[in-house]
Amino acid sequence: MIYKKCKNTVVFPEVTSTDLYDLEKTFNCGQCFRWDNYEQGFRGFAGEYSCYIYKENNNIVVKSFTDIGDYEKFAKYIYHYLALDMDYANIKKKFSKDDTMKKAICFADGIHVLNQPFFETLITFIISQNNNIPRIKKIVDAMAKTYGSNVGEMYAFPKVEQLKDITIEEYNELRMGFRSKYVFDAVNKIISGEISEDIIKSMSYEDAKKYLMKIKGVGPKVADCVLLFSCEKYESFPKDVWINRALEQMFPEGTPDCIKGLEGIAQQYIFHYARFNLEK
């Protein structure tokens, strides 16, 4: 990892992936809900860090809204969060062995799968069920403002301990609707130790998916999203009506062998391409 530092800012120079990185596509592809357009980039949270991230020439610049203190720790976290430690050039070369995937990659170039915090990802994707992105973000922001901590004039997503005494009725006040009881169950299963992030990350993909689905309201799609976006299970392939339709049109004979083991990353290219190019 190579980085430069100045006051509360780290700059990742021209290292692997930065020339291929599209912040807008990455933050707006539906994998995260805590980033908003700001000046020439995006403002939001990478875990507990409130940041402003933008590209300058071929560099990725990350400015913290609070004192960084330990620059090495901050840079290491952001580097992994943004998936700058993955060789996307090689991944895309591998995927491009299939002509249809190559077409999707050319259109969706620059999307990266973020490495987000487990608890935040679990709860936000429970909230995402049968919901649209503006409303999801509104509920998640309300949850942060109500129960999270103030960080750099913004509110971090609450830690599980901050939600241990919150009732279903209190979640209802945030307009979660039927999802309130699912969030309540997830919080309590984590606090009790019935669900453990460490155990999930040590499991095979198949076992981890079954394990996550012990939480009320967590079905195959939500489980796959959590495993892909926070547990580095890159074979996870979240499916809904839209992606199934894309697969039918793009890969009627099944997905190509060249994406095996990294199906979740391929899914991001497929989904973005399908949104703008396929029949509705």
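**Entry 1: the model.** I am working from a predicted model, and I kept that in mind throughout.

Entry 2: Six of them form an open sheet, and I read their order as 1-2-6-5-4-3, with antiparallel pairing. I then looked for the edges: strand 1 (4-6) and strand 3 (35-38) each pair on one side only. On average, neighbouring strands in this sheet are turned by 25° against each other, direction ignored.

**Entry 3: strand 2 and its partners.** Strand 2 (residues 9-12) got a closer look. On one side I found strand 1, paired with strand 2 in the antiparallel sense over three bridges. Lysine 4 has valine 11 of strand 2 as its bridge partner, and cysteine 6 has threonine 9. Strand 1 and strand 2 form a hairpin, with two residues between them. In that turn I noted asparagine 8, which has a positive phi of about 55°.

Strand 2 also runs antiparallel to strand 6, and four bridges join the two. Here I picked out phenylalanine 12, whose bridge partner in strand 6 is isoleucine 60.

Next I asked myself: are the faces of strand 2 covered or open? Both are covered: Thr9 and Val11 are buried on one side, Val10 and Phe12 on the other.

Entry 4: I followed helix 2 (residues 71-81) next. Helix 2 lies across strand 1, strand 2, strand 3, strand 4 (41-46), strand 5 (49-56) and strand 6 (59-64). Against strand 2, helix 2 runs at about 50°.

**Entry 5: an aromatic cluster.** Turning to the rings, I found 17 aromatic pairs in the structure. Ring pairs link Phe27, Trp35, Phe42, Tyr49, Phe74, Tyr77 and Tyr81 into a cluster.

**Entry 6: helix 3 on helix 13.** How are helix 3 and helix 13 packed, by angle and by distance between their axes? Helix 3 (residues 88-95) and helix 13 (residues 263-277) pack at about 75°, with their axes 11 Å apart. That angle makes helix 3 roughly perpendicular to helix 13. From helix 3, the residues Tyr88, Ile91, Lys92 and Phe95 meet Ile265, Ala266 and Tyr269 of helix 13. I sorted this contact by class and got six nonpolar, no polar and one charged residues.

Phenylalanine 95 and tyrosine 269 have ring centres 6.3 Å apart and planes at 80°, so I logged the pair as edge-to-face. The pair links distant parts of the chain, with phenylalanine 95 in helix 3 and tyrosine 269 in helix 13, 174 residues apart. Phenylalanine 95 is buried at a relative accessible area of 0%, and tyrosine 269 is buried at 1%.

**Entry 7: helix 12 on helix 13.** Helix 13 has another packing I wanted to check. The axes of helix 12 (residues 241-250) and helix 13 come within 10 Å and cross at roughly 85°. These two helices are therefore roughly perpendicular to each other. Helix 12 brings Trp242, Ile243, Ala246, Leu247 and Met250 to the contact, and helix 13 brings Gln267, Ile270, Phe271, Tyr273 and Ala274. By class, I have nine nonpolar, one polar and no charged residues here.

Entry 8: My last stop was helix 11 (residues 220-230). Helix 11 is mostly covered, with nine of its eleven residues buried. I listed these as Val222, Ala223, Asp224, Cys225, Val226, Leu227, Leu228, Phe229 and Ser230. What do the buried residues of helix 11 pack against? I found helix 5, helix 9 (197-202), helix 10 (205-212) and helix 13. Just after helix 11, I marked glutamate 232 for its positive phi of about 60°.

Phenylalanine 125 is buried at 5% relative accessible area, and phenylalanine 229 at 3%. Their ring centres lie 5.5 Å apart with planes at 25°, so the pair is stacked. Phenylalanine 125 belongs to helix 5 (residues 118-127) and phenylalanine 229 to helix 11, 104 residues apart, so to speak a link between distant parts of the chain.

Technical notes
Residues are numbered from 1 along each chain as its sequence is written. This is a predicted model: local features need pLDDT of at least 70, side-chain atom pairs count only at pLDDT 80 or more; totals for chains, interfaces and linings use all residues. Side-chain values use heavy atoms; hydrogens and water are left out. Axes are lines fitted to C-alpha atoms, for helices over the stretch in contact, and angles run from 0 to 180 degrees between N-to-C directions. Angles under 35 degrees count as roughly parallel, over 145 as roughly antiparallel, 65 to 115 as roughly perpendicular and the rest as oblique. Contact means heavy atoms within 4.5 Å. Ala, Val, Leu, Ile, Met, Phe, Trp, Tyr, Cys and Pro count as nonpolar, Asp, Glu, Lys and Arg as charged, and the others, Gly among them, as polar. Two strands pair if DSSP finds at least two bridges between them. Rings of Phe, Tyr and Trp (its six-membered ring) pair if their centres lie within 6.5 Å; planes under 30 degrees apart count as stacked, over 60 as edge-to-face and the rest as tilted. Buried means under 20% relative accessible area, exposed over 50%, partly exposed in between (1.4 Å probe, protein chains only).
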